[in-house]
Amino acid sequence: MLSIADNELLTKVSAGTPTGDLMRRYWIPAVFSSEVEKDGIPHRTRLLGEDLLVLRLTSGKIVAMSPSCPHRGASLFFGRNEQEGLRCVYHGWKFDERGKCIDMPSEPPESNFKDKVTHLAYRTIERNGLIWIYMGPNQDNPPLLPNLEWNLVPQDQCFMTKRIAQNNYFQTLEGEIDSSHSGFLHSSFTDPFRLTTKQEQGMIYKMRDRHPRFEALDTDYGVLIGARRNAEKDSYYWRITQFLLPFHTIIPPYGNDPLFSGHAWVPMDDENVIALCFTYNPVRPLTDSELDFLRHGRHDGLETLHPTIDAFLPKIANKPEGAWWPKHHIDNDFNINWELQKTTQYTGLPGTWVQDSGMQETMGRVVNRANEHLGVSDTAIIRARKSLLNASKLLSEQGIEPTSVNDPNVYNIRSASVVIPKNSDWITASAQFRIADPRENFAAI
Ligand code: FES
Ligand SMILES: [Fe+2]
């Protein structure tokens, strides 16, 4: 359990809260490059409790700014995106990518009032199909982007999706570092090992041993998590997950040509999260059949870790991230199929992410962790909470930023899955495979 005070600290992300201010020190991945066209319609998003418009200017530059016009508050969503700026359609004030007012046609020509008006705008960087936003205090000199491999490989090696979950970001994050749930929540009776495209030895170990022993340790990027299961008589199967500050996860892969997956759990506000999911191969483009699986789900119609292209409600025009609200959600009981639960599957919930979301949204928008009962299988969750809480407290109480804010290389890591002799140390045995450089050096089973 967590005290009510620490629960508040962990879950609240608005400006002025310790965790909200911590997150503002980091670059935040939010919008796909494909969502904004040159001189096109602004994309509505909401990050850390702030509504934002993201748009692409004539030159291709990306802007992230408040939708509320600093003149009298009209929405800049309706603005004219033209000639390197966004112009409010109420009285024609125009703003550049840093929020500088560059035209104020409603004021007398001799007025210099426009030089005194600055609109709230944040720094942006676009890399390999993804737009990152920096909402922190160092707008003139922001840190470098984190060297997360999934966003460093060429675009044809990484597949990304988004979906909105109606719960606090840390509930979904906890689900991803909790390896013990998959032997239950994601299992089926008829085909217990077919959780991804193919059956791998590691999946068999995972399904056979449903009470993994967890070990977790603090690192300069977050937490390194090992889940140990029995493999053969003299060996253990270790699945190694990464939690990276402030809200990233990388889950362990399978097989000898592995795909690595994970999420950025980007808080929209205290009660909603953008689940930005990635799957990549470090050394080669994704194949057509992999892409087909990622886009369209399993052959039996069930969803995978990624929402399929059919998994969304029709776009809700005036909602942030309006295209990414799933059709399986708390108000329709996630379209559970009770017959399937009796006959085929552990849950009857239609696929992997829906099963996760079904558990996490029904905890409540913000779960009260003072009521929980944590077992030994929750070791990693406890450690990840501490890691984030410590970072938030250090910043708010002593002004100390985590190393990971300013050192992009601490993110240069991978997850792994290894089978090693029972008497060897998993941290040492997996060390070389957890480095994302050299790129060919991965381990998975
Ligand atoms: S409200 Fe935007 S220019 Fe007047
Ligand atoms: Fe899961």
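**Figure 1. Contacts and overall dimensions of the chain in the predicted model.** Of the contacts between residues at least 6 apart in sequence, 58% join residues at least 24 apart. Buried positions make up 48% of the 445 residues. The secondary structure consists of 11 helices and 18 strands. Along the principal axes, the C-alpha atoms occupy a box of roughly 85 × 50 × 45 Å.

Figure 2. Domain 1 gives 15 residues to the contact and domain 2 gives 16. On the side of domain 1 that touches domain 2, the elements giving two or more residues are β1 (27-32) and β2 (43-47). By class, that side of domain 1 has seven nonpolar residues, along with four polar and four charged ones.

**Figure 3. Pairing of strand β9 with strand β4.** Strand β4 covers residues 62-65 and strand β9 covers residues 121-127. The two strands are antiparallel and are joined by two bridges. Met65 faces Ala121 of β9 across this pairing.

**Figure 4. The hairpin of β9 and β10.** Strand β10, made of residues 130-134, runs antiparallel to β9, and five bridges join the two. Within this pairing, Glu126 stands opposite Ile131 of β10. Two residues lie between the strands of the hairpin. Asn128 adopts a positive phi near 45 degrees there. In a regular strand, side chains alternate between the two faces of the sheet.

**Figure 5. Buried residues of helix α5 and the elements they pack against.** Helix α5 comprises residues 201-208, and its buried residues are Gly202, Met203, Tyr205 and Lys206. These residues lie on the same side of α5, because they cover an arc of only 160 degrees around the axis. The elements they pack against include one helix segment, α4 (182-185). The buried residues of α5 also pack against the strands β13 (222-230), β14 (235-244) and β18 (416-421).

How values were computed:
Residues are numbered from 1 along each chain as its sequence is written. Chains are lettered from A and ligands numbered from 1 in the order in which they are written. This is a predicted model: local features need pLDDT of at least 70, side-chain atom pairs count only at pLDDT 80 or more; totals for chains, interfaces and linings use all residues. Two strands pair if DSSP finds at least two bridges between them. Helices (H or I, at least four residues) and strands (E, at least two) are DSSP runs, numbered from the N terminus. A residue is buried if 20 or more other C-beta atoms lie within 10 Å of its own, exposed if 12 or fewer, and partly exposed in between; C-beta atoms are placed from the backbone. Two residues are in contact if their C-beta atoms, placed from the backbone, lie within 7 Å. Ala, Val, Leu, Ile, Met, Phe, Trp, Tyr, Cys and Pro count as nonpolar, Asp, Glu, Lys and Arg as charged, and the others, Gly among them, as polar. The arc is that of the directions from the helix axis to the C-beta atoms.
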